[in-house]
Amino acid sequence: MRRNSRARLGVSLLLVAGALGLGATPSTAAAPASAPSAIPSPSAYALDAAVERQLGAATAGSYLDAKTGKLVVTVTTDRAEEQARAAGATVRRVARSAAQLDAAMDTLEAEAKITGTSWGVDPRTNRIAVEADSSVSARDMARLEAVAERLGGAVDVQRVPGVFHREVLGGGAIYGGGSRCSAAFNVTKGGARYFVTAGHCTNISANWSASSGGPVVGVREGTSFPTNDYGIVRYTDGSSPAGNVDLYNGSTQDISSAANAVVGQAIKKSGSTTKVTSGTVTAVNVTVNYGDGPVYNMVRTTACSAGGDSGGAHFAGSVALGIHSGSSGCSGTSGSAIHQPVTEALSAYGVTVY
């Protein structure tokens with residue numbers, strides 16, 4: 001199992017978010033509803049990355065404090081605490097190390113890999129947050145709970161509504177192979193222009209159009225799903241689209257950089273079905289057991305989403321964070337939009353946002 005311890009589209013081909021929906025689960029491990037989430041400053045993103053590089057397995061994860069907006073780094077040793085403080089982070093001592101949390105997820109992977117479940121690290125609770133959707137049978141639920149019980153307090157299991165499933169909806173976005181998806185972010189490499197989207201979208205077709213049955217505007221150059229959920233399409237129509245995300249209010253958000261999401265931070269999701277929704281990051285290093293295979297190292301949020309949003313953009317201000325992978329919708333105003341970290345896709349294809 002892989003670990004990471006840690007727009008709109010039209011004639012002008014600006015990016016739009018999301019279309020092909022994969023089911024996920026409404027998050028129940030979120031911070032209290034009354035606690036506001038914050039967007040990390042550029043320095044907080046940089047600090048998170050620096051501390052991860054320096055401490056590695058010596059930290060059990062970091063999160064953004066909703067009240068102060070400061071990055072909190074969890075540690076289990078005096079040495080790690082000294083290093084994190086020296087780097088400028090707020091530090092919290094916790095009981096379980098990264099190795100213990102990884103071991104718990106390895107056990108879940110080996111003994112409870114059940115379609116309709118997901119799990120990931122919530123550094124705020126220093127536990128593995130497990131969700132089981134309504135398709136998980138009573139027998140499988142009992143097996144999951146038995147595994148969790150053996151792991152002691154390291155695992156929290158919640159039954160949630162919704163079912164992991166694919167949904168293809170009608171409407172405008174990008175089209176390929178008789179299906180509709182949407183792009184997440186425009187990217188560039190060596191002067192050429194591309195867009196990244198979900199891998200379960202780029203698996204469908206090599207050629208993509210801006211309208212159903214319309215001329216081809218881009219050709220697939222890479223795809224990865226399951227295990228990952230990202231793909232890349234190169235523009236072949238000669239256009240030079242801007243690096244914006246559609247806010248569905250007549251304006252767009254410029255994207256100028258990319259980073260990994262931090263637990264506790266605020267994010268926005270732009271999708272062609274639910275448009276722009278907001279939420280908080282609740283878990284990282286998330287495994288999602290879709291019916292056609294697992295994906296790893298995902299990010300769970302409380303943003304609302306629905307079938308038709310997949311492939312879209314998760315972002316915070318001008319920072320690109322992720323590519324929408326799945327959702328089972330919303331319960332009130334709380335959902336569980338899952339995203340593929342965009343930094344992994346950018347690295348895989350050697351491209352950058354602009």
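At 52% relative accessibility, Asp78 counts as exposed, and in this predicted model its side chain forms a salt bridge with Arg93, the closest N and O atoms being separated by 2.8 Å. Asp78 belongs to helix H2 (residues 78-87) and Arg93 to strand E4 (residues 90-93), so the pair ties together parts that are 15 residues apart in sequence. Arg93 is itself partly exposed, with a relative accessible area of 41%. A further salt bridge joins Arg93 to Glu81, where the closest N and O atoms are 2.9 Å apart; since Glu81 also lies in helix H2, this pair links strand E4 to that helix across 12 residues of sequence.

Salt bridges with shared partners join Asp78, Glu81, Arg85 and Arg93 into one network, and the count for the protein comes to 11 salt bridges.

The protein as a whole has 6 helices and 27 strands. Of its 354 residues, 56% count as buried, and its accessible surface comes to about 12,800 Å², of which 50% belongs to carbon and sulfur atoms.

Helix H3 (residues 98-111) comprises 14 residues, which at 1.5 Å a residue should span 20 Å, in agreement with the 20 Å between its end C-alpha atoms. The buried residues of H3 are Ala98, Leu101, Ala104, Met105, Leu108 and Glu109. Viewed down the axis of H3, these buried residues fall within an arc of 140°, so they line one face of the helix. An α-helix has 3.6 residues a turn, so residues three or four places apart point the same way. On the other side of H3, Ala99 and Ala110 are exposed.

Several backbone features occur in loops between strands. The peptide bond from Phe225 to Pro226 is cis, with omega near 0°, and Pro226 is found in the loop between strand E14 (216-224) and strand E15 (230-235). Asn126, although not a glycine, has a positive phi of about 60°; Asn126 occupies the loop between strand E5 (117-122) and strand E6 (127-132) and counts as buried at 4% relative accessibility. Tyr248, likewise a residue other than glycine, has a positive phi near 60° and lies in the loop between strand E16 (244-246) and strand E17 (252-254), where Tyr248 is partly exposed with a relative accessible area of 28%.

Thr202 lies in helix H5 (residues 199-202) and, at 0% relative accessibility, counts as buried. Beyond four places in sequence, the residues that Thr202 touches include Trp208, Arg220, Tyr230 and Ile232.

Confidence in the model averages a pLDDT of 86, and 87% of the residues score at least 70. Over residues 5-34, however, pLDDT stays under 50, although the model has 163 contacts beyond four places in sequence for this segment. For residues 165-172, where pLDDT again stays under 50, the model has 25 such contacts.

Key: Residues are numbered from 1 along each chain as its sequence is written. This is a predicted model: local features need pLDDT of at least 70, side-chain atom pairs count only at pLDDT 80 or more; totals for chains, interfaces and linings use all residues. Side-chain values use heavy atoms; hydrogens and water are left out. Helices (H or I, at least four residues) and strands (E, at least two) are DSSP runs, numbered from the N terminus. Buried means under 20% relative accessible area, exposed over 50%, partly exposed in between (1.4 Å probe, protein chains only). Accessible areas come from the Shrake-Rupley method with a 1.4 Å probe; for residues, only the protein chains shown count as cover. The expected span of a helix is 1.5 Å times one less than its number of residues. The arc is that of the directions from the helix axis to the C-beta atoms. pLDDT is the predictor's confidence in each residue, from 0 to 100. Contact means heavy atoms within 4.5 Å. A salt bridge is a side-chain nitrogen of Lys or Arg within 4 Å of a carboxyl oxygen of Asp or Glu.
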